[in-house]
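Here are my notes on the model, point by point. Have it open while you read.

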Amino acid sequence: MNGLQMAGIISDANSLAGQIKQLLLVGVLGCMYVGFVAVVWGQTKSVLKAAVAAIGGAVVMAIVANMTVLRDKVGEDLKNPGGTASSAAVRVVGHLDQLNGGRR
């Protein structure tokens with residue numbers, strides 16, 4: 001096998017891995033989401049609880065779908081802890097005794 005054939009095989013394997021990941025994300029996680037909402041509805045017969053389960057499941061699916069973005073963002077924050085988000089200014093206005101007239 002020459003290098004060009006190996007590159008094609010690697011590209012095909014990467015494509016197949018991406019398709020399997022997408023199938024698991026959409027197929028399996030989607031079925032679990034629908035099943036979770038159906039179980040909550042079946043046990044409680046409450047529209048409100050089923051809606052809360054649907055919203056909670058949607059949040060979990062969004063987190064799983066955006067896991068790489070969250071991982072990269074957390075990695076950047078850990079590498080650079082002194083960024084703009086962590087800087088703050090504190091101003092002391094007065095002591096407690098001055099604010100309440102010296103009473104405890």
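**Notes on the model**

1. At the start of α2, Ser46 puts a side-chain oxygen within 3.4 Å of the backbone nitrogen of Leu48. That passes as a polar contact (a pair of N or O atoms within 3.5 Å; within protein, one able to donate a hydrogen and the other to accept it, with residues adjacent in sequence counted only if both atoms are side-chain atoms).

2. Before going on, some ground rules. This is a predicted model, with local features needing pLDDT of at least 70 and side-chain atom pairs pLDDT 80 or more, while totals for chains, interfaces and linings use all residues. Residues are numbered from 1 along each chain as its sequence is written, and side-chain values use heavy atoms, leaving out hydrogens and water.

3. Overall, the protein has four helices and zero strands (DSSP runs numbered from the N terminus: H or I of at least four residues for helices, E of at least two for strands). Of its 104 residues, 8% count as buried (under 20% relative accessible area; exposed is over 50%, partly exposed in between; 1.4 Å probe, protein chains only). Carbon and sulfur atoms hold 67% of an accessible surface of about 8,900 Å² (Shrake-Rupley method, 1.4 Å probe; for residues, only the protein chains shown count as cover).

4. Back to α2, residues 47-65: its 19 residues reach 26 Å from first C-alpha to last, close to the expected 27 Å (1.5 Å times one less than the number of residues). Its buried residues are Ala50, Ala53 and Gly57. Seen down the axis, the buried residues of α2 fall within an arc of 60 degrees, so they line one face of the helix (the arc is that of the directions from the axis to the C-beta atoms). Leu48, Val52 and Ile55 are exposed on the other side of α2.

5. Have a look at Lys45, in the loop between α1 and α2. Its phi is near 55 degrees, a positive value in a residue other than glycine. Lys45 is also exposed, at 57% relative accessible area.

6. Leu16, Ile20, Leu24, Val28 and Met32 make a nonpolar surface patch of about 470 Å² (residues with over 30% relative accessible area and no salt bridge; like charges are joined within 9 Å, nonpolar side chains, meaning Val, Leu, Ile, Met, Phe, Trp and Tyr, within 5 Å). Leu16 sits in α1, residues 3-44, and is partly exposed at 47%.

7. How many salt bridges does a search of the whole structure find? One (a side-chain nitrogen of Lys or Arg within 4 Å of a carboxyl oxygen of Asp or Glu). Asp72 pairs with Arg71, the closest N and O atoms being 3.4 Å apart.
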